[in-house]
Amino acid sequence: MLKKNDEIALNIDSCTALGSGVGKYKGMTVFAANTAPGDHVLLHIIKAKPNYAVGKVVKVIHPSKMRITPACNVFEKCGGCAFGHLNYKDELQIKYTQVKDNFNRLGGLDIIPQPIIPSVSENRYRNKAQFPVSTDKFGLAEIGFFAPHSHRVVDCADCLLQPEDFKKITDIFRNWIRIFKIPAYDERSRKGILRHIYLRKAVSTGEIMVCAVINGNSLPYSDELVFELTDAMPSIKSIILNINKKDTNVVLGDKCITLYGKDYITDILCGLKFNISPLSFYQVNHDTAEILYKKAAEYADLKGDETLLDLYCGTGTIGLTMANKAKSLIGVEIIPQAVENANRNAELNGVKNARFICADAAKAAEMLESEGVRPDVIVVDPPRKGCDESLIGTIAKMNPERIVYVSCDSATLARDCKRLKEYGYEVKEATPVDMFPRAPHCETVAVLSKIHN
């Protein structure tokens, strides 16, 4: 039986869904972050339970062929990049295997996914960042990311997944915090003002949004901050305060105050313009999102006379990119500001056949069913937890010919496909698309068709 503080040599055989290496020691499963299948490592056991243990790498005795030297100097401290120590082609294979295993093992489905589509870029691909802010023991600002399994901020001057513009912005914040002695928010005392720096960039237009998340109703010396930011970077088109005074792990509050410019930025995706507000969902990997949406449109196989229902539609991106191929589009989203953006986006692109509803997806589906609306194709792009059981049943009752399911978690995708099979739908094809290089997550798009006996 392993005990805390034991040291063991271990062969790493596989990876978890979150990117930790897995090996067996005398029949016990042992997990270790920052390891790769094929590694032989010396581990210090930091947690020991009756049926598993967790270890920290002391030394890599024999490295896996998958290993590379991480490009980031805070890789082992930061919780952002589970696969920063792997060749990208091996990372893709690990993600593909996880998607396939989830379909087979969790979903009980005999599905062999199509080859995984890699990200257009491995680095600098993210168009959004949320930087927690803290203060070190010398009173200097720390802006970066949380360490694994903690809320301790690891200072990171330049994340290689983010645009270089974001480094310039956080540098301006660091200087402004130092000069004006802006107190960072402290979770324990619930005092301090600046919680997060939240940034978005529209890749096609170059427009940047800067959002300061604060524990209060106003930000001291905000005029000076606005001047410094806009003077240094004319590409900044929107500076916003987001009010979050709650004792919560949720980054953004519900209220936004525009300090400068517009309350949104505009991007171009799949040939359409989209206005993006602080609270609206938008894919973080622009170039690969275009590939993902084109695959979803291929699976929807619209001929021009169908009613398309887009659940969890966000700012309307997926549905609007398909609207010109459908008779009508109905989008559903629970966030009011996102629905406002979706309506504005439809108007912006001259889309006349779209209707957007602000409601929970399950309730909206029930409402449409009561109206007698029968969609021919339903697109769902739910959060990581997947679709509620009630929504699955309502979708099935609406009796669409095809369901296109876009998922950021293939485990819940497999579970929901298994549920839909019970209602008479089968997966015809699925394609993993790597939207998040270096992170453990992988997007997957699947098409399910109604079984006609």
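When I speak of a cavity, I mean a set of points, on a 1 Å grid over the protein atoms alone, where a 1.4 Å probe fits but cannot get out, and its lining residues are those with an atom within 4 Å of a point. What we have here is a predicted model, in which local features need pLDDT of at least 70 and side-chain atom pairs count only at pLDDT 80 or more, while totals for chains, interfaces and linings use all residues. Residues are numbered from 1 along each chain as its sequence is written, and side-chain values use heavy atoms, with hydrogens and water left out.

Let me start with the cavity. The structure holds one cavity of 30 Å³ or more, and the largest cavity has a volume of about 40 Å³, a volume being the space filled by probe spheres set on the points, which are joined across faces, edges and corners. Its lining is made up of Phe131, Cys156, Ala157, Asp158, Cys159, Gln162, Pro163, Phe166, Lys167 and Thr170.

Now to the cysteines. How many disulfides does a search of the whole structure find? It finds zero, where a disulfide is a pair of cysteine sulfur atoms within 2.5 Å. Cys159, one of the lining residues, holds the cysteine sulfur closest to that of Cys81, but at 5.8 Å the two are too far apart for a bond. Likewise, the sulfur of Cys256 has its closest cysteine sulfur in Cys211, at 5.5 Å, which is too far for a bond. Cys81 is partly exposed, with a relative accessible area of 21%, and Cys256 is also partly exposed, at 26%; partly exposed lies between buried, under 20%, and exposed, over 50%, with a 1.4 Å probe and protein chains only.

Definitions and conventions
1 Å grid on protein atoms, 1.4 Å probe; cavity = no way out; pocket = protein on both sides within 12 Å on 5 of 7 lines; lining within 4 Å.
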